[in-house]
Amino acid sequence: MKSSKRKLALFSGLALIAMALAAGYAYGYVYGGLIDMNSSQDTYRNLRSSGTLFRYGMVAWGAIVLLDLLVAGSMYGFLKEVHPRLSALTALVRALYAFILLAAVAHLVEALALAEAAAGATEALLALQRFETIWFQGLILFGFHLFGLGLLSVKARFVPSFFGGLLLFAGCCYTGIHLAKIALPVYAPQIEFIETIASLPMALAEIGFAFWLLIRGGKPLSFRPVDSR
């Protein structure tokens with residue numbers, strides 16, 4: 001059993017790190033470099049001149065969706081003994097988020113097709129806005145997943161409580177920030193400021209947990225009986 005837990009921890013850690021790298025490329029480099037939501041003309045020109053790069057970004061988004069589904073399953077296996085129903089629900093929420101992200105990515109395909117068909121800058125930007133709206137709605141759900149993961153980690157004696165606390169905090173931030181973006185658009189600058197401050201612990205939650213899974217997760221010395229209270 002310990003060997004199985006170690007394999008699940010290694011797989012989850014590697015998948016989470018691969019996902020972070022793919023997200024950095026897809027959103028940070030490609031999307032951030034080509035898309036300017038404040039300038040439809042600049043965005044339109046970038047899509048027409050860098051269509052191949054944008055396609056590479058979409059491939060990375062597709063990889064993120066697949067990795068999300070794989071992590072949902074592997075983390076369920078790693079934590080199911082802590083609380084089977086909560087672990088299953090947490091995995092299901094991440095799987096649902098993955099399908100929402102896939103629906104959002106479909107609008108990236110639409111935006112590029114519109115640009116290459118010379119349909120107009122406004123139409124392409126509207127497709128990109130649909131991508132962001134659907135993705136941000138999905139991130140509300142992703143916050144619930146992290147919150148569930150945090151609860152499981154706090155209860156599991158084989159996971160440091162430090163990571164459980166970080167995951168709980170990150171889950172609250174993801175859900176709260178993206179709910180605020182949708183419900184309170186007039187406070188966008190203030191929400192963006194809060195997101196900037198919270199971004200470090202939010203990133204540390206999953207990335208730090210991923211490295212812990214790689215280094216210590218499931219090892220005999222780190223494994224202790226589950227709290228049965």
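# Helices, pockets and core of a predicted model

Colleague: Which helix is Gly24 found in?
Modeller: Gly24 is found in helix α1. Helices here are DSSP runs of H or I with at least four residues, strands are runs of E with at least two, and both are numbered from the N terminus.

Colleague: What am I looking at, and how are things numbered?
Modeller: This is a predicted model: local features need pLDDT of at least 70, side-chain atom pairs count only at pLDDT 80 or more, and totals for chains, interfaces and linings use all residues. Residues are numbered from 1 along each chain as its sequence is written, and side-chain values use heavy atoms, with hydrogens and water left out.

Colleague: Back to Gly24. How does Gly24 count by relative accessibility?
Modeller: Gly24 has 41% relative accessibility, so it counts as partly exposed. Buried means under 20% relative accessible area, exposed means over 50%, and partly exposed is in between, with a 1.4 Å probe and protein chains only.

Colleague: And where is Ser74 relative to Gly24?
Modeller: Gly24 and Ser74 are 50 residues apart in sequence, and their C-alpha atoms are 22 Å apart in space.

Colleague: What is the overall fold, in helices and strands?
Modeller: The protein has 7 helices and 0 strands. Along the sequence that reads α-α-α-α-α-α-α.

Colleague: How does the radius of gyration sit with a compact globule?
Modeller: A compact globule of 229 residues would have a radius of gyration near 17 Å, and the protein has 19 Å, which agrees. The radius is taken over C-alpha atoms, and the globule rule is 2.2 Å times the number of residues to the power 0.38. The C-alpha atoms fill a box of roughly 60 × 35 × 25 Å along the principal axes.

Colleague: How many of the residues count as buried?
Modeller: Of the 229 residues, 47% count as buried.

Colleague: What is in the largest nonpolar core?
Modeller: That core has 68 residues, and Phe54 and Leu79 have the most contacts inside it. The elements that give two or more residues to this core are α1, α2 (40-49), α3, α4, α5, α6 and α7. The most comes from α5, with 13 residues. A nonpolar core is a set of buried Ala, Val, Leu, Ile, Met, Phe, Trp, Tyr and Cys residues joined through side-chain atoms within 4.5 Å.

Colleague: What does Leu79 touch?
Modeller: Leaving aside neighbours within four places in sequence, Leu79 is in contact with Ser87, Leu149, Leu152, Ala156, Phe158 and Val159.

Colleague: Now holes. How many cavities of 30 Å³ or more are there?
Modeller: The structure holds 1 cavity of that size. The volume of the largest cavity is about 30 Å³. Its lining is Ala26, Val30, Tyr31, Phe54, Gly57, Met58, Trp61 and Leu108. Two or more lining residues come from each of α1 and α3, and α3 has the largest share, 4 residues.

Colleague: How do you define a cavity and a pocket?
Modeller: On a 1 Å grid over the protein atoms alone, a cavity is a set of points where a 1.4 Å probe fits but cannot get out, and a pocket is an open set with protein on both sides within 12 Å along at least five of seven lines; lining residues have an atom within 4 Å of a point. Points are joined across faces, edges and corners, and a volume is the space filled by probe spheres set on the points.

Colleague: How much space is in the largest pocket, and what lines it?
Modeller: The largest pocket holds about 750 Å³ of space. It is lined by 26 residues, and the closest to its centre are Ala23, Tyr27, Trp135, Leu139 and Tyr174. α1 gives the most to this lining, with 7 residues.

Colleague: How does that lining divide by class?
Modeller: The lining of the largest pocket has 17 nonpolar, 4 polar and 5 charged residues. Ala, Val, Leu, Ile, Met, Phe, Trp, Tyr, Cys and Pro count as nonpolar, Asp, Glu, Lys and Arg as charged, and the others, Gly among them, as polar.

Colleague: And which helix gives the most to the second largest pocket?
Modeller: That is α7, with 5 residues. The second largest pocket holds about 310 Å³, and its lining residues include Thr133, Phe136, Lys181 and Glu195.

Colleague: Last one. What is the phi of Ala118?
Modeller: Ala118 has a positive phi of about 55 degrees, although it is not a glycine. Ala118 lies in the loop between α4 and α5.

Notes
Contact means heavy atoms within 4.5 Å.
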